[in-house]
Amino acid sequence: MKHFNLKVSAISLALALFAGGVLAQGGAAEDLVAGMERADMTYRQLMEVMGGASGMMHEGILRQNPQMVKSGADIILTHPAPSHQPWSIMPEDRQADFKWSLVSFDKLLDQHSEATVEAAAKKDWLKASQSLQELNTACISCHSMWKDEVK
Ligand code: HEC
């Protein structure tokens, strides 16, 4: 069962990445960032906020508090852009690929955050936990691809 779930998440991740790749072809990362509010913080500080947000979602599930889950998810769903172009943290020759990841993962984070909120609103805590797990898997997939590439 566990293996099955992992396989399903890997497949949905691959599909989302593919869809993101198709989207990313028209300067989608620039469009994504242009449509966001700019915050007075770096990409890394934004990531710290994301960590706090997913922690709040986790705690909301443990406490069976749907509003707490929603508050955490809203931070992810409405997160601003950092003060600099996010891809500027990567070496020049890796920036195009990182843009691609930014766009595809942004959609994936939104999908899994929304699914977690929906399940929590229905007090389906096992489902909420599973969706949060998928959210975490998306975060960690991006980290395993990119964290060591930061210049
Ligand atoms: C598009 C890829 C990507 C996605 C998606 C992503 N991260 Fe990150 N994250 C990074 C990178 C790159 C760094 C390293 C940033 C640096 O060192 O400047 C990072 C760093 C972090 C850090 C460490 C910050 C620090 O101070 O060192 C945390 C915490 C974090 N991310 C949380 C999350 C959470 C939670 C999610 C999902 C909700 C997430 N990230 C999704 C790319 C991503």
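Me: Which residues does S131 touch, and what makes them contacts?
Reply: S131, which is found in helix α6, touches H112, A115 and T116, not counting residues up to four places away in sequence, where contact means heavy atoms within 4.5 Å. The model is predicted, so that local features need pLDDT of at least 70, side-chain atom pairs count only at pLDDT 80 or more, and totals for chains, interfaces and linings use all residues. Side-chain values use heavy atoms, leaving out hydrogens and water, and residues are numbered from 1 along each chain as its sequence is written.

Me: Why is S131 called buried?
Reply: Buried means under 20% relative accessible area, exposed over 50%, and partly exposed in between (1.4 Å probe, protein chains only); S131 has 3% relative accessibility and therefore counts as buried.

Me: Why is H143 called partly exposed?
Reply: H143 has a relative accessible area of 35%, and is therefore partly exposed.

Me: What makes α4 roughly antiparallel to α5?
Reply: The axes of helix α4 (residues 66-77) and helix α5 (residues 95-121) come within 9 Å and cross at roughly 165 degrees, with axes fitted as lines to C-alpha atoms over the stretch in contact and angles running from 0 to 180 degrees between N-to-C directions. Angles under 35 degrees count as roughly parallel, over 145 as roughly antiparallel, 65 to 115 as roughly perpendicular and the rest as oblique, and therefore α4 is roughly antiparallel to α5. Helices here are DSSP runs (H or I, at least four residues), numbered from the N terminus.

Key: Helix = DSSP H or I, 4+ residues; strand = E, 2+ residues; numbered from the N terminus.
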